[in-house]
Amino acid sequence: MVTSATSPVRPGGTVLVTGGAGFIGCAVSPALVEAFDRVVVVDNLHPQIHASGERPAELHPKAELVVADVADAATWDTVLADVTPDVVIHLAAETGTGQSLEESTRHTHVNVVGTSQLLDGLNRHGKLPRRIVLSSSRAVYGEGAWADADGKLFYPGQRTSQTLDKSQWDFPGATPVAMKASETFPAPVSVYGATKLAQEHVLQAWAKSYGVETVILRLQNVYGPGQSLINPYTGIMSLFCRMAMGGKSIPLYEDGEVRRDFILIDDVASAIVAGAVSSTVQGEPMDIGSGEYQTIGTAAQLIAAHYNAPAPHVTGQYRQGDVRHAWADVTAAAEVLGWKPQYNLAQGIDRLANWIDVQPDVQPA
């Protein structure tokens with residue numbers, strides 16, 4: 001766990017984790033069990049992630065699991081009758097960028113209503129926590145800021161079908177820049193991104209009114225051991241691994257030069273725990289990523305090499321709602337939380353691929 005020198009290693013008390021049986025929740029659970037006296041997880045074990053509907057083996061055995069829906073008011077009446085959280089880590093969310101276009105009601109209900117139901121429950125039961133940590137997303141930025149030929153920043157907005165159909169992937173004469181919460185204006189281009197930004201706004205408005213600390217972490221592309229191998233809407237890295245495992249050439253959308261900030265789950269987990277235990281917070285969103293970009297093509301080439309698979313190939317296809325380039329400026333997280341990423345892309349891919357290789361019944365894509 002990476003925290004600042006002034007951060008308490010073990011604050012004690014109770015931490016409540018929504019969506020805590022998912023990919024990120026399981027990864028943070030061992031450190032939370034060490035840092036807090038009691039860890040309570042609320043998760044509905046959605047079949048898109050949990051095919052068996054059973055408690056995941058990766059969730060620390062000392063974490064108490066309550067199987068319930070965060071968007072149901074009755075959930076919080078039951079949970080908060082027994083739990084008085086000192087810290088809440090809010091991970092529960094629907095996360096499929098493409099899927100959110102087709103199931104906007106579902107994403108809005110879980111992400112926005114689920115957040116408001118949690119906050120209403122805390123208020124209704126008079127159990128305001130000291131701090132709430134929210135896992136937000138780089139999707140709130142949309143295409144983010146770009147610099148023109150003179151270095152002046154502008155916001156190009158969402159790419160259109162007309163330009164994408166012409167294979168005009170970038171914005172002519174412009175250069176993308178890193179996403180930085182204190183400088184980059186959020187302008188989501190997906191329903192998912194819009195719901196995550198709404199989460200941030202709802203939480204901040206509520207928390208400032210009640211004097212509750214907030215730590216909002218805008219995560220880049222999270223991957224690594226433990227991520228779902230059955231969810232078709234998330235986990236491009238695991239999908240690439242399964243394709244290469246089957247001896248297939250990995251297809252690359254657009255021109256293969258899409259930039260992403262791939263961050264290993266270990267680094268994300270340490271950031272979230274740092275947000276929960278740090279003695280210093282600043283209330284405004286912070287960016288969590290590797291701090292540098294890689295192209296989709298580079299990631300695919302590393303995965304293909306691991307499996308001795310054919311070289312990736314460019315398809316020229318595109319997906320509505322995808323942004324062209326995205327990577328984080330992690331300065332704020334380093335300064336406020338004392339957090340820095342520890343793994344590069346090659347190390348992360350090795351960890352992911354080696355984990356997939358030993359999973360029982362894993363099917364090549």
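Visitor: At what angle do the axes of helix 4 and helix 6 cross?

Guide: At roughly 10 degrees, and the axes of helix 4 (residues 104-124) and helix 6 (residues 191-210) come within 9 Å. Axes here are lines fitted to C-alpha atoms, for helices over the stretch in contact, with angles from 0 to 180 degrees between N-to-C directions. This is a predicted model, where local features need pLDDT of at least 70, side-chain atom pairs count only at pLDDT 80 or more, and totals for chains, interfaces and linings use all residues. Residues are numbered from 1 along each chain as its sequence is written, and side-chain values use heavy atoms, with hydrogens and water left out.

Visitor: What makes helix 4 roughly parallel to helix 6?

Guide: Angles under 35 degrees count as roughly parallel, over 145 as roughly antiparallel, 65 to 115 as roughly perpendicular and the rest as oblique. The crossing is at roughly 10 degrees, so helix 4 is roughly parallel to helix 6. By class, their contact has 10 nonpolar, eight polar and one charged residues.

Visitor: Why is helix 7 called oblique to helix 11?

Guide: Helix 7 (residues 236-245) and helix 11 (residues 345-357) pack at about 60 degrees, axes 10 Å apart. That angle makes helix 7 oblique to helix 11. The contact (heavy atoms within 4.5 Å) includes M237 and C241 of helix 7 and I349 and L352 of helix 11.

Visitor: And what makes helix 1 oblique to helix 8?

Guide: Helix 1 (residues 23-35) and helix 8 (residues 265-277) pack at an angle of about 45 degrees, with axes 9 Å apart. That makes helix 1 oblique to helix 8. Among the residues that meet are F23 and V28 in helix 1 and I272 and V277 in helix 8. The contact divides into 13 nonpolar, no polar and no charged residues. For the classes, Ala, Val, Leu, Ile, Met, Phe, Trp, Tyr, Cys and Pro count as nonpolar, Asp, Glu, Lys and Arg as charged, and the others, Gly among them, as polar.

Visitor: How do you know that the chain is as compact as a globular protein of that length?

Guide: The chain has 11 helices and 16 strands. Its radius of gyration is 20 Å, close to the 21 Å that the globule rule gives for 365 residues, so the chain is as compact as a globular protein of that length. The radius is taken over C-alpha atoms, and the rule is 2.2 Å times the number of residues to the power 0.38.

Notes: Helix = DSSP H or I, 4+ residues; strand = E, 2+ residues; numbered from the N terminus.
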